[in-house]
Amino acid sequence: MALRDLIDEFRYEAADDSSPYFWPDDYLAKIASQAEREACRRGALIIDSTSQFCTLAFEAGDDVLKLDKRILEIRRARVVGTGAKLYSVTSDQLDRNNETWESETGDPYSYVSDYQTGAIRPYPVPKIAGEVRLTVRRLPLADMELDEDEPEIRPESHSALVQWMLYRAYMRQDAD
């Protein structure tokens, strides 16, 4: 279902089928994209291992690796080349076992998921440069803007986007 199809289904469900429309197309396109993002936040609808931002390059001594803002969750992390799996740990877990963990260096075997918003911290801090390949749960790459743009989520979830659009549209304050 393309954006135009979502808007047409919305207009049918809302009985907003004669011009001038109560809700303009640009507003409906905006809330259709919001609907897709919200669906991705609530469910694991887009899993990705191949986007450019799923590979994080690091240099020796890098203690924070920034994540793309569209990443919601890391499901898997591996070091490129060795294939070594990086396990998710929290700073509290590391603090309980070793109070000086932040100064350790070596070959990373974990990443700290709660060290900084929008980033992960390799543990220990790498001694040599490398890359980490991620499998992530993420938001859509781009908003839908053109009539032919399609949601990234699977087609069986598209009709739920219309329900979210209806919810958002009816929540909008008007003069009455």
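Q: How accessible is Gly83?
A: Gly83 counts as partly exposed, at 33% relative accessibility. For the cut-offs, buried is under 20% relative accessible area, exposed is over 50%, and partly exposed is in between (1.4 Å probe, protein chains only).

Q: Before we go on, what kind of model is this?
A: It's a predicted model, where local features need pLDDT of at least 70, side-chain atom pairs count only at pLDDT 80 or more, and totals for chains, interfaces and linings use all residues. Residues are numbered from 1 along each chain as its sequence is written, and side-chain values use heavy atoms, with hydrogens and water left out.

Q: OK, back to Gly83. Where is it placed?
A: Gly83 belongs to the loop between β4 (71-79) and β5. Those labels come from DSSP runs, numbered from the N terminus: helices are H or I with at least four residues, strands are E with at least two.

Q: How does β3 pair with β8?
A: In the antiparallel sense, over two bridges, with β8 covering residues 119-123. Leu65 has Ile120 in β8 as its bridge partner.

Q: And which way do β7 and β8 pair?
A: Antiparallel too: β7 (residues 110-116) and β8 pair over four bridges. Val112 sits opposite Arg121 of β8.

Q: What's in the turn of that hairpin?
A: Two residues lie between β7 and β8, and Gly118 in the turn has a positive phi of about 75°.

Q: Why is β8 called largely enclosed?
A: Because five of its five residues are buried, the rest of the structure largely encloses β8.

Q: New topic: which peptide bonds are cis?
A: One is Ser19 to Pro20, with omega near 0°. Another joins Tyr123 and Pro124, where omega is about -10°.

Q: Where are those prolines found?
A: Pro20 is in the loop between α1 (3-14) and α2 (25-42), and Pro124 is in the loop between β8 and β9 (125-126).

Q: What about Ala15, what's its phi?
A: Near 55°, which is positive in a residue other than glycine. For background, most residues other than glycine have a negative phi, and most peptide bonds are trans.

Q: Is Ala15 buried or exposed, and where does it lie?
A: Ala15 is exposed, at 60% relative accessible area, and lies in the loop between α1 and α2.

Definitions and conventions
Pairing = 2+ DSSP bridges.
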